[in-house]
Amino acid sequence: MQMSLYTSQMLMETVLDALRAIAEDTRLRVLAVLRHGELTVTDLTEILGQSQPRVSRHLRLLVDAGLVTKQREGAWAFFRLVEGGGPLIAAALSSIDPGDPTLAADLRRLDIVRRRRADAASEYFERIAPIWDEERSLHAAASTVEAAILDAIGDRPLGRVLDVGTGTGRMLQLLADRSERAVGLDTSHSMLSVARANLQLLGVHGCELRQGDVHSPPLERGSFDLVVIHQVLHYLDEPGRALSEAGRLVAPGGRLLVVDFAPHRHDFLRAAAHRRLGFTHAQLCDWFDQGGFDCSTIVDVDPPAGDDGLTVTVWLATNRRTMKEVA
């Protein structure tokens, strides 16, 4: 009984802390803006028209109250609402007049910040476009490959999804609406900026973007139902190690999806940082087996250019460990 009263008191203190954090106009504005996606302190400083120390102080209080989470990305830190938003935040924001002039001005400045991100993403791709265009011309259209991916994973809900080496965020765009949780991991801050701009531009909300090494992902073991590695392995010096690390993140009975090139002779792609010129079915299946996975699906998507093109292969493997075995 004493433990029950103590727990009840702790819960009440948590709620009171959250209510105190919400009950201030600047912090309420922060929550209203973060409802539309994650932002940095610099972004919020521009949107709110307040000094960086003041904005940082308000963010620290919201984080301490459990209403906002902070995720570091190199020298940057991104802030987002807690997963699901929380009933207190929903209740507070639903009571605000959507035509409030202060909040309307905040959203206009938010649009400016987003447009600047989109412009930066476009400039980045203009620099790397020539080699990418040549590569894309050698394999099937993205829509064809994505159709093969969707067919492989089936129609069931995907649960918790991780996209390793998320790049432009395309796999998150494709799978987020069927996911309970969608996380994109990439080592490059530039690519995460591109993914963030793309997701916001297309209205894909709720995805988490994390910076981290694919060989040492900063995520909990067994915490995802589907882990995707889309066109990543051929860039790596140690693809087998990266696949093994990704496999550790798959929950018992969960699935690991790999999309990459079959073996080819297009050596010019090494100029585009390709370390490996494709992978055989046997090579991937051997890596899956070593990691405790059974590869149930292998689909080759043929290139439009015949033998001179790039074949894209889709591998889907299932973790042999089951929830019953873990229990």
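Predicted model: local features only at pLDDT ≥ 70, side-chain atom pairs only at ≥ 80, totals over all residues.
Residues are numbered from 1 along each chain as its sequence is written, and side-chain values rest on heavy atoms, with hydrogens and water left out.

Of its 327 residues, 47% are buried, where buried means under 20% relative accessible area, exposed over 50%, and partly exposed in between (1.4 Å probe, protein chains only). The accessible surface of the chain is about 16400 Å², and carbon and sulfur atoms account for 53% of that area; areas were computed by the Shrake-Rupley method with a 1.4 Å probe, and for residues only the protein chains shown count as cover. Contacts, defined as heavy atoms within 4.5 Å, reach well along the sequence: among those between residues at least 6 apart, 68% join residues at least 24 apart.

In soluble globular proteins, nonpolar side chains tend to be buried together. Here the largest nonpolar core holds 30 residues, and Leu31, Leu44, Leu67 and Val68 have the most contacts inside it. Such a core is a set of buried Ala, Val, Leu, Ile, Met, Phe, Trp, Tyr and Cys residues joined through side-chain atoms within 4.5 Å. At least two core residues come from each of helices H1 (2–22), H2 (25–34), H3 (41–48), H4 (52–64), H5 (87–94) and H6 (101–137), and from strand S3 (76–81). H2 gives the largest share, five residues. Beyond four places in sequence, Val68 touches Leu31, Leu34, Leu62, Val63, Phe79, Arg80, Leu81 and Val82. A second, separate core has 26 residues, among them Leu162, Leu236, Ala246 and Phe288.

Strand S3 has five of its six residues buried, so it is largely enclosed by the rest of the structure. S3 runs antiparallel to strand S1 (residues 39–40), to which two bridges join it; strands are taken to pair if DSSP finds at least two bridges between them. Within this pairing, Thr40 has Phe78 of S3 as its bridge partner.

Ile89, Ala92 and Leu93 are buried in H5. Down the axis of H5, these buried residues fall within an arc of 90°, so they line one face of the helix; the arc is that of the directions from the helix axis to the C-beta atoms. Pro87 and Ser94 are exposed on the face of H5 turned away from the buried side.

Helix H11 (residues 281–290) can be read in a similar way. Its buried residues are Leu284, Trp287 and Phe288. They cover an arc of only 100° around the axis, which puts them on the same side of H11. The face turned away from that side carries the exposed residues Ala282 and Gln290. Cover for the buried residues of H11 includes helix H10 (239–248), strand S8 (250–261), strand S9 (293–301) and strand S10 (312–319). After H11 comes Gly292, with a positive phi near 90°.

Asp106 lies in helix H6 and counts as buried at 0% relative accessibility. Its side chain makes a polar contact of 2.8 Å with the side chain of Arg29. A polar contact is a pair of N or O atoms within 3.5 Å; within protein, one must be able to donate a hydrogen and the other to accept it, and residues adjacent in sequence count only if both atoms are side-chain atoms. Leaving aside neighbours within four places in sequence, Asp106 is in contact with Arg29, Val33, Ile47 and Leu48.

Glu208, in strand S6 (residues 208–211), is likewise buried, at 11% relative accessibility. The side chains of Glu208 and Arg181 are joined by a polar contact of 2.9 Å.

Thr168 sits in the loop between strand S4 (159–164) and helix H8 (170–175) and is buried, with a relative accessible area of 19%. A polar atom of the Thr168 side chain lies 3.5 Å from the backbone nitrogen of Arg170. The backbone oxygen of Thr168 is reached at 3.1 Å by the side chain of Asn198, a residue of helix H9 (residues 189–201).

Note on methods
Helix = DSSP H or I, 4+ residues; strand = E, 2+ residues; numbered from the N terminus.
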